[in-house]
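Colleague: I would like to learn how to read a ligand site in a model. Please take me through one.

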Amino acid sequence: MRLDYLTIFPDYLAPLGLSLPGKAAAKGLVELHVHDLRGWTHDRHRTVDDTPYGGGAGMVMRPEPWGEALDELLGGPGAPGGPGSAATVVVPSPAGRPLTQALARELATRPRLVFACGRYEGIDQRVLDHARGRDDVAEVVEVSLGDYVLNGGEVAALAITEAVVRLLPGFMGNAASLEEESHEQGLLEYPVYTKPASWRGHDVPPVLLSGNHAAIAAWRHAQSLERTAERRPDLLHASHVAGEWEVVPAA
Ligand SMILES: Nc1cc(-c2cccs2)n[nH]1
């Protein structure tokens, strides 16, 4: 998978070279390329924004630099990959589709993601509309991290990258652990414990020391259900609760 990032703050994406994405890059699972949008401006001040039509506060990002940048990254002579490598343009936005594990799984199947990290009051809408009409763009997807407003898309791009890259085959050593994670089964994760068995008067739930794998699995599922019901009832569906579960003594 190739990941490109268009931003006016390239240094903000320096963490891409560290930890998770950095490890995936080192394993050859991903190619990461950060581009300064100002590289596609032609005036002395390298202007990327202007006042909004219709008035209102703040500034809007001009379409020209984005259009030229996408021309070069997507369809230009230097563009990587031939047919079948059509890019998915990911636009972090508070008005986007919520980032969920399902969306992360979907994005992890794509051959190329191009992150358009906007600032100010947003990117001129025509940039997205034009990109949607390109035959070298598979999809333009606006993605929200949640119902709050950041100053720019860079932080969101880092979060989306981490959620996606960790799902790539061959990245996480134990693929089984991916199955059990929060949201992977549609439920919140159960509580976890490690040594010592007793710490500051707090004991590990005895079932976890029992060696009874069926009872442990049942206890963990019951904990996930309980946590989800308490904290995220919106995630609970009949399918989660259906089926016979043996009653396991409370921890
Ligand atoms: N969820 C979310 C995304 C954003 C922004 C993306 C780009 C500028 S602000 N705020 N909140």
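**Domains and ligand site**

Modeller: The centres of domain 1 and domain 2, taken over C-alpha atoms, are 37 Å apart. Domain 1 spans 2-165 and domain 2 spans 180-241, with bounds from an automatic or database domain assignment. This is a predicted model, in which local features need pLDDT of at least 70, side-chain atom pairs count only at pLDDT 80 or more, and totals for chains, interfaces and linings use all residues. Residues are numbered from 1 along each chain as its sequence is written, and side-chain values use heavy atoms, with hydrogens and water left out.

Colleague: Which residues are around the ligand?

Modeller: A residue is near a molecule if one of its heavy atoms lies within 4 Å of it. Here the shell consists of P92, S93, P94, G118, S144, L145, G146, Y148, V149, L150, G152 and G153. Strand β5 (residues 87-98) gives the largest share, 3 residues; strands are DSSP runs of E, at least two residues, numbered from the N terminus.

Colleague: Which polar backbone atom is 2.6 Å from a nitrogen atom of the ligand?

Modeller: A polar contact is a pair of N or O atoms within 3.5 Å. The backbone atom in question belongs to Y148. A polar backbone atom of L145 is 2.9 Å from a ligand nitrogen, and an N or O atom in the side chain of S144 is 3.2 Å from a ligand nitrogen.

Colleague: How much of the ligand's accessible area does the protein cover?

Modeller: Accessible areas come from the Shrake-Rupley method with a 1.4 Å probe. On its own the ligand has 310 Å², and the protein covers 94% of that.

Definitions and conventions. Polar contact = N/O pair within 3.5 Å; in protein donor to acceptor, adjacent residues only side chain to side chain. Helix = DSSP H or I, 4+ residues; strand = E, 2+ residues; numbered from the N terminus.
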